[in-house]
Amino acid sequence: LRRFVVIGQTALGSPRFSLDDLPGSSGRLDVLLRALQSALLVSHGLRRDTVAYLALHGEAGARRALRFDGRAAEYLRPDERSLGGRVKNALAWEESSATAFSVERQGVAVALGGLDAIVSDLGPMTPFVLEEGGSDARAAKLDAEDAVFFVGDHLGFDAITRTRLHDLGAEPISVGPVSVHADQAIVLVHNELDRRALTPRGLAR
Ligand SMILES: C[S@@+](CC[C@H](N)C(=O)[O-])C[C@H]1O[C@@H](n2cnc3c(N)ncnc32)[C@H](O)[C@@H]1O
């Protein structure tokens, strides 16, 4: 299983944003939606071996967490607007005020509490934090069965989150010398894992 956690520092934890102006009205949820798209969607399909979490930290008293499970997801369309609609709907569910992911509908679940709710849901894990300047991802044990990859948003990670990830024991890994967008960093991790999975069938690394 591949698990990604994308942490949005400014993304709002409420459904009061407009799908007509995602970047301007949602605290840059669009950055997280592109990350979600890269984590779960491939050409003509879904990555059934992947779970993507979004931490919405834009409102201090109302942090929320979303979980999209590729094993169960249905009707996920690749465009940002439609994914934004799924997020907006989930944030309006009654269960979005529960502190655990109590209900899953078509592979989507929501909880109050941001990163804390996600860490509780993840349980035991081998955590990696995607960081410019981390050690080379190609030398890391990315294919550990319980690997979790933490990814920042357009602002990177705030100091408290950075400390939290450090305390979890997350290993900083870099996907290359260029600072790329969160969605691009996710694609690079998937690609590295895809290549490793294919190695026995003869794909050179
Ligand atoms: C747009 S970058 C963050 C921008 C930059 N850190 C800043 O402070 O403005 C979004 C996220 O993608 C990931 N990322 C980007 N480039 C990376 C790289 N070369 N290696 C590993 N992760 C990277 C990191 O998790 C980063 O927080």
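This is a predicted model: local features need pLDDT of at least 70, side-chain atom pairs count only at pLDDT 80 or more; totals for chains, interfaces and linings use all residues.
Colleague: Where is empty space left, and what is a pocket?

Modeller: Rolling a probe the size of a water molecule over the atoms shows where empty space is left. The search uses a 1 Å grid over the protein atoms alone and a 1.4 Å probe; a pocket is an open set of points with protein on both sides within 12 Å along at least five of seven lines. Lining residues have an atom within 4 Å of a point. Grid points are joined across faces, edges and corners, and the volume is the space filled by probe spheres set on the points. Here the largest pocket holds about 420 Å³.

Colleague: Which residues lie nearest the centre of the largest pocket?

Modeller: Glu132, Asp153, Val180, His181 and Ala182 do, out of a lining of 25 residues. At least two lining residues come from each of α2 (29-40), β8 (126-136), β10 (171-174) and α6 (182-198). Such helices (H or I, at least four residues) and strands (E, at least two) are DSSP runs, numbered from the N terminus.

Colleague: How do the residues of that lining divide?

Modeller: Ala, Val, Leu, Ile, Met, Phe, Trp, Tyr, Cys and Pro count as nonpolar, Asp, Glu, Lys and Arg as charged, and the others, Gly among them, as polar. The lining of the largest pocket has 11 nonpolar, seven polar and seven charged residues.

Colleague: What volume has the second largest pocket, and what lines it?

Modeller: Its volume is about 180 Å³. Among the lining residues are Leu1, Arg2, Asp143, Phe149 and Arg196. Helix α6 gives the largest share, three residues. This lining has seven nonpolar, no polar and five charged residues.

Colleague: What is a salt bridge, and how many are there?

Modeller: A side-chain nitrogen of Lys or Arg lies within 4 Å of a carboxyl oxygen of Asp or Glu. That rule gives 19 salt bridges. In one of them, Arg2 meets Asp194 at 2.8 Å, N to O. This pair links distant parts of the chain, with Arg2 in strand β1 (residues 2-8) and Asp194 in helix α6, 192 residues apart.

Colleague: Is Arg2 buried or exposed?

Modeller: Buried means under 20% relative accessible area, exposed over 50%, and partly exposed in between (1.4 Å probe, protein chains only). Arg2 has 11%, so Arg2 is buried, whereas Asp194, at 22%, is partly exposed.

Colleague: Which residues are linked in a network of salt bridges?

Modeller: Arg138, Lys141, Asp143, Glu192 and Arg196 are. Between Asp143 and Lys141 the closest N and O atoms are 3.7 Å apart. Lys141 is exposed at 57%, and Asp143 is partly exposed at 42%.

Colleague: Which residues make a nonpolar surface patch?

Modeller: Patch residues have over 30% relative accessible area and no salt bridge; nonpolar side chains (Val, Leu, Ile, Met, Phe, Trp, Tyr) are joined within 5 Å, and like charges within 9 Å. Areas come from the Shrake-Rupley method with a 1.4 Å probe. Val178, Val180 and Leu188 make a patch of about 220 Å². Val180 sits in the loop between β10 and α6.

Definitions and conventions: Residues are numbered from 1 along each chain as its sequence is written. Side-chain values use heavy atoms; hydrogens and water are left out.
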